[in-house]
Amino acid sequence: MLQRASLMTEGPRLCGNSWVFQQDNAAVHNARLTKDFFRENNIILLDHPACSPDLNPIENIWGWMAREVYKNGHQFQTVDALREAIFTTWSNVPTSLLETLASSMPKRIFEVINKNGGATHY
């Protein structure tokens, strides 16, 4: 999944050459293969607590994707049809959404600091 996500091209394109990848510390993200992928590809990870959606813009992308996949009340007859819709939607995440979310990071971090780690409006 990480290889298909175009990290190596989209990270630097959206955030410059000194970009940092963000993920929480959920068990699936700490698997040996995941850690190996990041190390082998020289990807720097942001160090922060597990399950920090206040700082994680991927939550916004998941929400956008769910709205797109099910827009107009669309229902799926098979798992394969749903899977295809999810992959198609993932492939069509607007660059403008990614850019907006990437540029929101300083504001997100500032708000978390101001709230002493408490909940934010993100």
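What distance separates the centres of domain 1 and domain 2, taken over C-alpha atoms? In this predicted model, the separation of the two centres is 17 Å. Domain 1 covers residues 1–48 of the protein chain, and domain 2 covers residues 51–121.

The overall architecture is helical. The protein chain contains 6 helices and 0 strands, and its elements, read from the N terminus, follow the order α-α-α-α-α-α. Along its principal axes, the C-alpha trace of the chain extends over about 45 × 35 × 30 Å.

Confidence in the prediction was examined next. The mean pLDDT of the protein chain is 85, and 93% of the residues reach at least 70. Among the elements of the chain, helix H4 (residues 79–91) has the highest confidence, with a mean of 95, whereas helix H1 (residues 7–15) has the lowest, with a mean of 79.

The boundary between the domains was then considered. Contacts across this boundary involve 7 residues of domain 1 and 11 residues of domain 2. The area buried between domain 1 and domain 2 is about 830 Å², of which 59% lies on carbon and sulfur atoms. No residue pairs in polar contact, with both residues at pLDDT 80 or more, are counted between the two domains. On the side of domain 1 that touches domain 2, the residues comprise 2 nonpolar, 2 polar and 3 charged.

Between domain 1 and domain 2, the count of salt bridges is 1. A salt bridge joins Arg13 and Glu99, with a distance of 3.8 Å between the closest N and O atoms.

In total, the structure holds 6 salt bridges. One of the salt bridges links the side chains of Arg32 and Asp36, with an N to O distance of 3.4 Å. Both residues belong to helix H2 (residues 32–40), and because they are 4 residues apart in this helix, about one helical turn separates Arg32 from Asp36. In general, side chains of opposite charge can pair when their charged atoms come close.

Key:
Residues numbered from 1 in each chain as written. Heavy atoms only, no water. Domains from an automatic or database assignment. Contact = heavy atoms within 4.5 Å. Buried area = accessible area lost by both parts, 1.4 Å probe. Salt bridge = Lys/Arg side-chain N within 4 Å of Asp/Glu carboxyl O. Polar contact = N/O pair within 3.5 Å; in protein donor to acceptor, adjacent residues only side chain to side chain. Nonpolar A, V, L, I, M, F, W, Y, C, P; charged D, E, K, R; others polar. pLDDT = per-residue confidence, 0-100. Helix = DSSP H or I, 4+ residues; strand = E, 2+ residues; numbered from the N terminus.
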